[in-house]
Amino acid sequence: MNQNVSLKFLLPVPKVFYPFPIQFLRIAASDSPSKGISRILNSLQENEYITIDDVVNSTMKELTQARNFGKKGLLILFDLLEAITMNPELILETHILEQPLRDEIERIKQVPPIKKQLLELGIKI
């Protein structure tokens, strides 16, 4: 697999999720240990991967070179991105997120282009 290809060409993450903060991926980690997920997502954030857009427009090589983020982190990240790709209805599960993040997600979901894309995916908010 080419390490210099953007993740968006490897995983077809719906563009509706691009503006969401990277911490939104916690919603896809309900069956994973939260401490490990937190470490991975915090590492991404500390390395200035703030949104899902930032991540999917990066290459595997760039991500694995980020401080405190390695191949294991990349595998977990792939799992999280795949989970929201295969189950976009997870967007409705914001109740499992902490309040400030939940509020931010709810605000983003109300932006007209985002709301329209969610409806096109069959998700009524």
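Visitor: Is phenylalanine 20 buried or exposed?
Guide: Buried: phenylalanine 20 has 0% relative accessibility. Buried means under 20% relative accessible area, exposed over 50% and partly exposed in between (1.4 Å probe, protein chains only). This is a predicted model, where local features need pLDDT of at least 70, side-chain atom pairs count only at pLDDT 80 or more, and totals for chains, interfaces and linings use all residues. Residues are numbered from 1 along each chain as its sequence is written, and side-chain values use heavy atoms, with hydrogens and water left out.

Visitor: OK, what's the mean pLDDT of the protein?
Guide: The mean is 91, and 95% of the residues reach 70 or more. pLDDT is the predictor's confidence in each residue, from 0 to 100.

Visitor: Back to rings. How many aromatic pairs are there?
Guide: The count is 3. Rings of Phe, Tyr and Trp (its six-membered ring) pair if their centres lie within 6.5 Å; planes under 30 degrees apart are stacked, over 60 edge-to-face, and the rest tilted.

Visitor: Why is the pair of phenylalanine 20 and phenylalanine 24 tilted?
Guide: Their planes are at 40 degrees, so the pair counts as tilted, with ring centres 4.9 Å apart. Phenylalanine 24 is buried too, at 0% relative accessibility. Phe17, Phe20 and Phe24 form one aromatic cluster.

Visitor: And what does isoleucine 84 touch?
Guide: Leaving aside neighbours within four places in sequence, isoleucine 84 is in contact (heavy atoms within 4.5 Å) with residues including Phe17, Phe24, Ile52 and Leu90.
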